[in-house]
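Q: I would like to learn how to read a few features of a protein model, one at a time. Could we begin with the sulfur atoms and then go on to the helices?

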Amino acid sequence: MDKATTNAPLHFDLNTGAKIPSVGLGTWKAAPGVVGAAVVAAVKAGYRHIDCARVYDNEKEVGEALKTLFFTGVVQRSEMFITSKLWTSDCAPEDVSKALTRTLEDLQLDYIDLYLMHWPFRTKPGSRGWDPEIMAPLCLPETWNAMEGLFASGQARAIGVSNFSTKKLQDLLGYAKIPPAVNQVECHPVWQQPALHNLCKSTGVHLTAYSPLGSPGSWIKGEVLKEPLLIEIAEKLHKSPAQVALRWGLQSGHSVLPKSVYESRIKENLSLFDWYIPPELFLKLSQIHQQRLLRGDTAVHETCSPYKSLEELWDGEI
């Protein structure tokens, strides 16, 4: 392991020339009424990346928090990196621009730093959830073409995807005029995604990890932080298992999006830059049994969905 790997950067370079902060605050499952305070606490603690999505139903509150932070001079808009995502019900090409306009209105922003296709499938306009009867035919190239229009207009400073398998990302790179800057996926020591990492590194697509701690407080019920090897290494390094999981991500070369609404944990999750996991312990983490936590079972259906099985949805990466 070289020095560049043990010294995790504060930012990673995107293929647009922009820099994405290596640690961001996740807002999935951050309830209305608490997410705004979490954003304020995070920015005051030093976070400069906030990860949002229309489907999280909290972008208006995030927008109010950002407005307050900008107005009071805590931070300037140009210092922040804000991500949002296009939900599956807005993937018809004619709906893509309108969806971003709504998100920008809710966040009270003139532009988004990164706009992602949230999933590689489409649901009927105006629908919620993933029930089989609301699935619509795939139109990934057409949706991506509309995303490219948002990049060209300057409304989205970078565009990318989320939850794309290695094969789906490879396919996208084949038809994209503008390559995706980011693929945001589940990634943590219990789901390390080596094949996807290799493709991203070889094609200049940055990998960002959501649920880098396994989302222990959500319905996913990930037990990543209870992994014995992670606990053992954390004890040796006098760090928390969460810090080791996050530092593993940075040393693997990707950005991480830990979610918390508690100020002490928000700060702890950013305390990653004055220490590192030694090479021999870092290699040990590759021994952990691998398991995808967010599987997308409800997106699979024999007749109604374009994906008849989990194998098809993830192209074997399950």
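A: A disulfide is a pair of cysteine sulfur atoms within 2.5 Å. The model is a predicted one, in which local features need pLDDT of at least 70 and side-chain atom pairs count only at pLDDT 80 or more, while totals for chains, interfaces and linings use all residues. Residues are numbered from 1 along each chain as its sequence is written, and side-chain values use heavy atoms, with hydrogens and water left out.

Q: How many disulfides does this rule give?

A: The count comes to 0 disulfides. The sulfur of Cys187 has its closest cysteine sulfur in Cys200, at 9.6 Å, which is too far for a bond. For Cys139 the closest cysteine sulfur is that of Cys91, at 6.6 Å, again too far for a bond.

Q: Is Cys187 buried or exposed?

A: A residue is called buried under 20% relative accessible area, exposed over 50%, and partly exposed in between, with a 1.4 Å probe and protein chains only. Cys187 has 1% relative accessibility and so counts as buried, and Cys139, at 10%, is buried as well.

Q: Which residues of helix H6 are buried?

A: Helices (H or I, at least four residues) and strands (E, at least two) are DSSP runs, numbered from the N terminus. An α-helix has 3.6 residues a turn, so residues three or four places apart point the same way. In H6, which spans residues 166-175, the buried residues are Thr166, Lys168, Leu169 and Leu172. Seen down the axis of H6, they fall within an arc of 165° and so line one face of the helix, the arc being that of the directions from the helix axis to the C-beta atoms.

Q: What covers the buried residues of H6?

A: Contact means heavy atoms within 4.5 Å. The cover includes helix H5 (140-153), strand E9 (159-162), strand E10 (182-186), helix H7 (194-203) and helix H12 (310-314). In the contact between H6 and H7, Thr166, Leu169, Gln170 and Leu173 of H6 meet Ala195, Leu196, Leu199, Cys200 and Thr203 of H7.

Q: Where is Asn163, and what is its phi?

A: Asn163 lies in the loop between E9 and H6, and its phi is positive, about 65°, although Asn163 is not a glycine. Asn163 also counts as buried, at 2% relative accessibility. Ser211, in the loop between strand E11 (206-210) and helix H8 (228-237), likewise has a positive phi, near 50°, in a residue other than glycine.
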